[in-house]
Amino acid sequence: TVEGTGTASMTYSFDRLAIASGGKLYLWNSASFVEVTDPDLGEVLDVTWVDGYFVTTDGTSIVVTELSDPTQVDPLKYGSAEVDPDPVKAILKLRNELYAVNRHSIETYQNVGGTGFPFQAIRGAQIHRGSVGTHTAVVYKDAIAFIGGGRNEAPAVWLGANGTSQKISTREIEEVLSTYTEAELAASYMEVQTAKGHDTIMIHLPKVTACYDGNASQAMGQPGREVA
């Protein structure tokens, strides 16, 4: 049993499964299921695993667990977004690099070691658009797919990589997105499904589900479409 009633985040290391749910972090190692109760952890919105660290965020800081004991957190090793003071919404890993997906920007970090926060922002790799929610951003092929946009920009669906972002939503999808409040969009979630040579993004909105098939879209020259 874990806290919360919404969508949970799950990731795994070599010997543990981590679950972020209801603002808390849980670890399972096939023998025991424990909650991480270190007060320096703070609220947990999302979790991923990079280079031996479980990495979480409370919306402001980027927190890493200790290499020797993932139930412990050193507050001197906190990190933060550096390009824009917008809140951190999600933490993802792509090509073994850490991505802080913020509301209006996405920052990329690499592990440089040291005694403090072990990850350093990669200058020039920032994307000046971000995700509306924690579960509205996913790793898709070699990019980050997300619902959101930049400041004062209407929500759309984007693919972000290498400091750039490309819109993949159609006008019809964007009209659907515009009918929801930001809170409703933030409570939506995305997932990636791979089957029979197709890599598909399913975007679960409050009333409909939108689908993006990268292979089919490339062949037909048309982005995703709405489905029931």
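This report covers strand pairing, aromatic contacts and a surface patch in a predicted model.

Residues are numbered from 1 along each chain as its sequence is written, and side-chain values use heavy atoms, leaving out hydrogens and water. Because the model is predicted, local features need pLDDT of at least 70 and side-chain atom pairs pLDDT 80 or more, while totals for chains, interfaces and linings use all residues.

Strands are DSSP runs (E, at least two residues), numbered from the N terminus. Two strands pair if DSSP finds at least two bridges between them.

Strand β2 spans residues 17–21. Strand β1 (residues 9–12) runs antiparallel to β2, joined by four bridges. The two form a hairpin with four residues between them.

Which residue in β2 is the bridge partner of Met10? That partner is Ile19. Ile19 also stands opposite Tyr26 in β3.

**Aromatic pairs**

The structure holds six aromatic pairs. Rings of Phe, Tyr and Trp (its six-membered ring) pair if their centres lie within 6.5 Å; planes under 30 degrees apart are stacked, over 60 edge-to-face, the rest tilted. Two of the pairs are tabulated.

| Pair | Centre distance | Plane angle | Type |
|---|---|---|---|
| Phe14 and Trp49 | 5.2 Å | 85° | edge-to-face |
| Tyr53 and Phe119 | 5.8 Å | 70° | edge-to-face |

Phe14 lies in the loop between β1 and β2 and Trp49 in β5 (residues 46–50), so their pair ties together parts 35 residues apart in sequence. Phe14 counts as exposed, at 79% relative accessibility. Trp49 is buried at 12%.

Tyr53 in β6 (residues 53–57) and Phe119 in β12 (residues 119–121) are 66 residues apart. Tyr53 is buried at 10% relative accessibility, and Phe119 is buried at 4%. Ring pairs link Tyr53, Tyr109, Phe117 and Phe119 into a cluster.

**Surface patch**

Val2, Trp28 and Phe33 form a nonpolar surface patch with about 260 Å² of accessible area together. Areas come from the Shrake-Rupley method with a 1.4 Å probe; for residues, only the protein chains shown count as cover. Val2 is found in the segment before β1. At 32% relative accessibility, Val2 counts as partly exposed.

How values were computed. Buried means under 20% relative accessible area, exposed over 50%, partly exposed in between (1.4 Å probe, protein chains only). Patches are made of residues with over 30% relative accessible area and no salt bridge: like charges are joined within 9 Å, nonpolar side chains (Val, Leu, Ile, Met, Phe, Trp, Tyr) within 5 Å. A salt bridge is a side-chain nitrogen of Lys or Arg within 4 Å of a carboxyl oxygen of Asp or Glu.
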